[in-house]
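I opened this model to see how its parts sit together. My notes follow, in the order I looked things up.

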Amino acid sequence: NIFEFVLVVLAIIEFFVSVLLPSDGNHTKNLTVFRITRLTRITRLVRICRMDVFSDLMVMIKGSLGGIRTLVGASILLSLPLYALSIGFRETLGSHHNQEM
């Protein structure tokens, strides 16, 4: 809990520093400490997701991603022949405008 509190305080400090300081290259180099703390927060989140408590949640997420991949593939397979047929019907049954100049 203390680690999370420190990360939130550092994020607030980073926000105020980025607002108050101009955005030229000299001051942004000093903000790398804040970026590193963000990376540690992300790695901590990944480490927490590996716990046994979240194993069912990870299985559900992987299943959802697999379902989305299947849905996108099916949509592509359905839309390509439909597009080809629409081009064919447009060319054969569509009206042709003769423009004489």
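I started at threonine 40, which I found in helix 3 (residues 32-49). I took helices (H or I, at least four residues) and strands (E, at least two) as DSSP runs, numbered from the N terminus. This is a predicted model: local features need pLDDT of at least 70, side-chain atom pairs count only at pLDDT 80 or more, and totals for chains, interfaces and linings use all residues. Residues are numbered from 1 along each chain as its sequence is written, and side-chain values use heavy atoms, with hydrogens and water left out.

Is threonine 40 buried, exposed or partly exposed? I read 32% relative accessibility, so threonine 40 counts as partly exposed. My cut-offs: buried is under 20% relative accessible area, exposed is over 50%, and partly exposed lies in between (1.4 Å probe, protein chains only).

Next I checked partners. Setting aside neighbours within four places in sequence, threonine 40 is in contact with Phe3 and Leu7. Contact means heavy atoms within 4.5 Å. Leucine 7 and threonine 40 are 33 residues apart in sequence, and their C-alpha atoms are 9.2 Å apart.

I then moved to glutamate 4, in helix 1 (residues 2-20). Its relative accessible area is 26%, so glutamate 4 is partly exposed. Which residues does glutamate 4 contact, leaving aside its neighbours within four places in sequence? I found Arg41 and Arg44.

Helix 4 came next. Isoleucine 61 lies there. At 38% relative accessibility, isoleucine 61 is partly exposed.

Then I looked at the whole chain. I counted four helices and zero strands, in the order α-α-α-α. Of the 101 residues, 6% count as buried. The protein exposes about 9200 Å², and carbon and sulfur atoms supply 70% of it. Accessible areas come from the Shrake-Rupley method with a 1.4 Å probe.

Last, confidence. pLDDT is the predictor's confidence in each residue, from 0 to 100. The protein has a mean of 80, and 80% of its residues reach 70 or more. Among the elements, helix 4 (residues 55-93) has the highest mean pLDDT, 92. Helix 2 (residues 25-28) has the lowest, 58.
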